[in-house]
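Here are some notes for a first look at this structure. Please keep the model open while reading.

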Amino acid sequence: MVSITNAHNDLIHDAVLDYYGKRLATCSSDKTIKVFEVDGETHKLLDTLEGHEGPVWRVDWAHPKFGTILASCSYDGKVIVWKEENGRWSQIATHAVHSASVNSVQWAPHEYGVMLLAASSDGKVSIIEFKEQGVSAPIIIDAHTVGVNSACWAPVSYEDGAAAGEQPKELRRFVTGGADNLVKVWRYNSETQTYALEDTLSGHADWVRDVAWSPSVLLRSYIASVSQDKTCIVWSQENNKGPWKKTEVQQDKFPDVLWRASWSLSGNILALSGGDNKVTLWKENLAGAWEPAGEVQQ
Amino acid sequence: MSINNRGDPFDSPTFGKSLSLKVDGGFNAISINPSARDVVLASRQGLYIIDLDDPFSPPRWLHHETPWQVADVQWCPHPAKPHWVVSTSNQKAIIWNLNRSSSDAIEYALHGHSRAITDINFNPQEPDILATCSVDTYVHAWDLRSPKRPFYSTSPWRSSASQVKWNHKDSNIMASSHGNDVFIWDLRNGSTPLVKLEGHKSSVNSIDFNRFKSSEIMSSSNDGTVKFWDYSRCVTNSIKTVQTDFPIWRGRYLPFGKGYCVMPMVGGDNSVYLMNLDDTDHEEEFGNTDCVEKASKLQPIYTFKGHSDRVIDFLWRSRHSHDTFIDDREFELVTWSKDCSLRLWPISDILYDKVNFERNKRLEEKLPDYQYMTYNREVKGNVVDNSNDYKRVKENFVTTSGLTNMNNVNHLNWLSGVRMNDEHSPADMFEEPKLHNLGEEVSAIGHKFPKVVFEKISVSTGELVLTLNGPWDENDPDEYIFLRIEVKIPADYPCKGNAPRFRIEENDKLTSATKQKMMKKLNEITELYTDSGLYCLEQCLHYLLGEEVSMDLERSIDEPLFYLDVPNVSEFNDFSSVTGTDMTDASVESSSDSENGVFKSAYDDGAEIRNTFGRNLAMDSTPVPNECGAIWTSTGQLLTFFSTDNKVDRKQRTSLKLTREQLETKAQEELKSDKDNVNNMLDGQPSDVRPKRYVDTLVKKDAASHVSDSSSSEESDSDDSFGSFVDDWNDIVGNDIVARTQVPALLGNFGKSFGSVHSESVKTGDSSRVIKNVIMVNDFSNLITESKDLALQYDIMTEFPEEMARHNALAAEKYGYEEISHCWQILSDMLMAEKTDSFTSFTWNSNPLGIKWFMKEAIVHFELEGNIQMLSMLYCVVANLYRDNLESSESYNVQDSYKSLVSYNFDDSKEVWKSDVNSQYSTNNTINSQGDMSYKSKILASLDNHSIRSDEIAGVNQYLMGTRVANSRAMPTSKRNSNIGFPTPIIPALTRVTDISVELIHDDVLESFRNSVHEILEPNDIIKCKRYVLMYAKLLYRWGLPMERVKLLKMCLLSSAADLHDDMFTASDLNRVNNNSIEVNWITSSKTDNFVASCNYCNLRIKGNMFVCGNCQHIMHMDCAKKWWAIGNECPSGCGCHCPNEYDVSP
């Protein structure tokens, strides 16, 4: 078991392994991002990336076909894209369209190109597609009036019902959770080249802190949303259409607010973490209810 | 909102006044609109367009990120193209069209230089001509009607160019400075300079042609001299040299009169110096043919002094009457400095006289007229540029909706950076802390009342819309009501009789009686203040927030509203979490108290370190950051991170709890009276004990850490003024959960970053204060249904599916996957049964014991379980069966004869007719298949356009696999076909084979095979399963098992190009793993590239000789092919083709 202590001088807010599971990027309130090389039991600090002027909330690795690229978002309202070349990290793009803290950043599925989804406390989400020569063309959407706390892409999927031989219609979607207690599903419209609200899911009684779309393309789509109201709701939709079904992961409230939700790569297990400094794992049983599957405590 | 976009320059509210604008963001270049209304600032983030007539409106931001500092920006000086701005972006020059929307404003990018451009200059006569010069020593002249390449280029080769300028009179002449020399070029003269002016001892930074005498030019240099040249008379030396005591960055002639301005690079008091050109000397010299150089010292007649850092550039803003022959131009100096301020400096009439500028002189030709309008507003959509029909364009262009798009710039902060003054005393006006206009008032109250939200600020039209929460509920005085208020402010405010008018929006909680009472009081306040010519918005807001408003003017005047250190003040306000006045009162009351002093300094430190990025903290809805988290990794491990607290922490926590109780009892009365409303401010809910917002925790952590300080030093807390933060404290420790989660923070983690007091204690080695955190990887792979171990063990490709199933069952058993093992076991048995029964005419497919039923159930089950590995593997079995089937069906005909597949058809009476057709129309058939083939090769080509590598093509081949497998054995047929001249005879054969394999078999024995293929899975399931396979393939790839992945894809991808698209990039990832040196351009994803293919052996790109297998179309370097075929006979791409058997591999 790899264990890294005191990587940062302050609270850690995110830690993500890259595509191959070889490198770990962590970010912290100390305004830095650290990149570790992880190999079995050992780890080695490769670099410390400094550039943000505020606490760094989230980091995300881009798909390796684009190079060794990392995106980070911070309280300073910026999204910085970092690239490693020959062992040296440099900032290759700064995205500063938001007027408040950027709370989450995520790369789109690589099939869509080099595209970032950023959610900010200014109530907007922005989708930035990096095109040639550093020109970026952000699409900015007013998503949640008080602030957007999290945004997550759906896995690449296609609309059902395409006739044989016909190219099935691409279904490019993402989900946002905000301080208006709502979860919203957005869908890309390739004709207008923008994202339109597809569904609004209400069920939480307080700020939605994190949303996570299951990477699985199994029978149904799953979205997990965790909230300040100490609940986690799993929303599911059959065959990418129709209404979203609401399932509470646990009937009773969790002991403390929930901060983060994460799906395993094939979407079987949901990991929730919250204010009680505990991580709980959940698994859907064959009857469609969620059962605890484990627990991690520091 | 109706802002006058097409005004008269003489209506300008800012012309002739001093003005200072703070613009942060590292802007390095500035230029002014010819109509002198807008200025453009350029930085690495893009351009800001600032309307000088409405400096309170935020700038328009044209976003353009470049890694390099913008060297120069210039607004097109021609009346014909007032919407053009050119800026540099390293080696490119970018022409912006401001009539377009900001996201799409780039009209041209001029790319001709190989290194950074240093200067750009529009031709003063030809609107479409401009010149650029660069570090690469070249000077290019461009015609924007054909912007692809420069129409004129020249270079002195030796040193990089610093400036290029066109002659004002002769549009064929331009000058450029290179190193210490200045070159004059004539476009008609080719690249031979007309004149080379030598004389400076250090490099020349700036050159400028005389506007009135075409052959005169001035040059300013690092050697501290300004030289004036007249190359028509004298080329060996300058006619005049002026010595200064600083290196000169810019030196230019005045646009009026006879004079010039210089500006230092360093030193020189950060000022701009204005000199006159002594004309009398000139006249004397005129007859003098031998060039005598006059030398003199710099004798400024005026110095524009006031910037605190070096001036980056200066320019002239001018205005004159429309359509006139009278030279009534007025000027104003605009300076942009490194201290991030833009200033306007009015020019007095005395100055005009001093430089011999005769105003109101009759002119021979009209002065050029420019449309006086601003480009500051965002343009919606594209407006067709029609320069002939000017007026119409303007009408379309004017939009009033610009401000809604201004989300990039915080309006309040922008406002606070604007200072304006009527007085002609630029030197000291900037320091005077006094309100001068509405904009400053709004900015000041905006910072003073962070909880008041300004929805709309329009200083120029005097409109404000603001929202706030005030205690106006009749029933419950503690209840706060959300109010939305419109304020209309007359233009002459705050003069007597010009009181602002308020309008409170309807609200169901607000009774009409209260509303009337409020309106009455507001009117009283506004009248009282405006009668004395005083600004009154602050008092109105105090009233609206439910505070006492002093109607005693004398007292309130003593309290200055204006804060110079605006950010600090806002911090302080926000922190105290009580309203503004309460805060000031409190600090006044307790100013003698030392405790309060400490208190305050702690905030100041906090404010300094805690960067709020100029936001209104009351509106900051950033949630409390997570302190722990868990993220799944691809291998079924869980990456977790926690913040930890150790035993020492816990001890301190209990002691703190005690302190808290003491504090609570002591300050109880205070708490009751003073209700904090920061938390419910945003969502309107009654006070929520748990902080949600990041800023709240910051505030509280500061306060909390302060409490910890005071408690540890046994500080007595009987002081009354302490109550205000006990109040905060109470908020934090409102319940135990909060107390618990707050503790780590309280013990110094935020103290470290935000409070210098605590960072000291960290330095002294108090380890308990250092935050501890830990990142762990926990193995939960047992929970994940997919297993890497199994993936390694599983057979994917086999000739005998039943054995594969058996093998897999054993593998699953070995790793303890009982259920999966059972499943494989059953499947194996069933397959075995199928096999042995295959020559009987009965199948059990739909029987509950049959394989079809079993597969369906298994799929449903594993879908519920979400086991993608199993789903894919099941499909794999089916695919194996399919393959198997094809091979066996084919083996029949192989045994039959080599003649052809068609002959086989004759056995089937039902197919006779069809086969007949086949043979009869054989020519026709081949033509069809030829078309077919070309279609397929088209797929290949198009795939290549998407820069997919050969493995992708392997994918395509797999798409054809079902047929190809048969095909490879059917080579004799195709060879026969090759006589009719097919270059690659395989594919025609292919189509025929497929036809046959599906249609021809009408035999009981064969029936069972057919069924096993087509009916084991339903079409819906097949589609689904293909998706699972793709997903599993990705998983395999992430697990670092590319071989397994390829096998899987090969087996299962009997899919269309769409599916291929889905998996398009994973194959190139494969390449990446195989060969890390492959450079993937991360920016281009779908750019159509030239035909690029890689060798399937070494993975490098192929140029020159290559080997192409005529069967599977895979390619290799000639050398690689030699090496490869020496050791094996299967295609290195893994496609399964035995190339040497099918094709002549000898080079």
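Which residues form a nonpolar patch on the surface?

1. The patch consists of A:Leu286, B:Val860 and B:Leu864, with about 230 Å² of accessible area together. Patches are made of residues with over 30% relative accessible area and no salt bridge; like charges are joined within 9 Å, nonpolar side chains (Val, Leu, Ile, Met, Phe, Trp, Tyr) within 5 Å. Areas come from the Shrake-Rupley method with a 1.4 Å probe; for residues, only the protein chains shown count as cover. A:Leu286 sits in the loop between β26 (278-284) and β27 (290-297) of chain A. A:Leu286 is partly exposed, at a relative accessible area of 45%. Buried means under 20% relative accessible area, exposed over 50%, partly exposed in between (1.4 Å probe, protein chains only).

2. On the basis of these notes: this is a predicted model, where local features need pLDDT of at least 70, side-chain atom pairs count only at pLDDT 80 or more, and totals for chains, interfaces and linings use all residues. Residues are numbered from 1 along each chain as its sequence is written, chains are lettered from A and ligands numbered from 1 in the order in which they are written, and side-chain values use heavy atoms, leaving out hydrogens and water.

3. Next, helix α7 of chain B, residues 512-531. Helices (H or I, at least four residues) and strands (E, at least two) are DSSP runs, numbered from the N terminus. Its buried residues include B:Met518, B:Leu522, B:Ile525 and B:Tyr529. Just after the helix, B:Gly533 takes a positive phi of about 70 degrees.

4. Now the charged pairs. The structure holds 29 salt bridges over all chains. Each is a side-chain nitrogen of Lys or Arg within 4 Å of a carboxyl oxygen of Asp or Glu. One joins B:Arg188 and B:Asp170, with the closest N and O atoms 3.7 Å apart. These two are 18 residues apart, in separate loops of chain B. B:Arg188 counts as exposed, at 56% relative accessibility. B:Asp170 is partly exposed, at 27%.

5. Another salt bridge pairs B:Arg329 with B:Asp327 (3.0 Å, N to O). Both residues are buried. Salt bridges with shared partners also join B:Arg37, B:Asp51, B:Asp53, B:Arg317 and B:Glu332 into one network.

Definitions and conventions. The expected span of a helix is 1.5 Å times one less than its number of residues.
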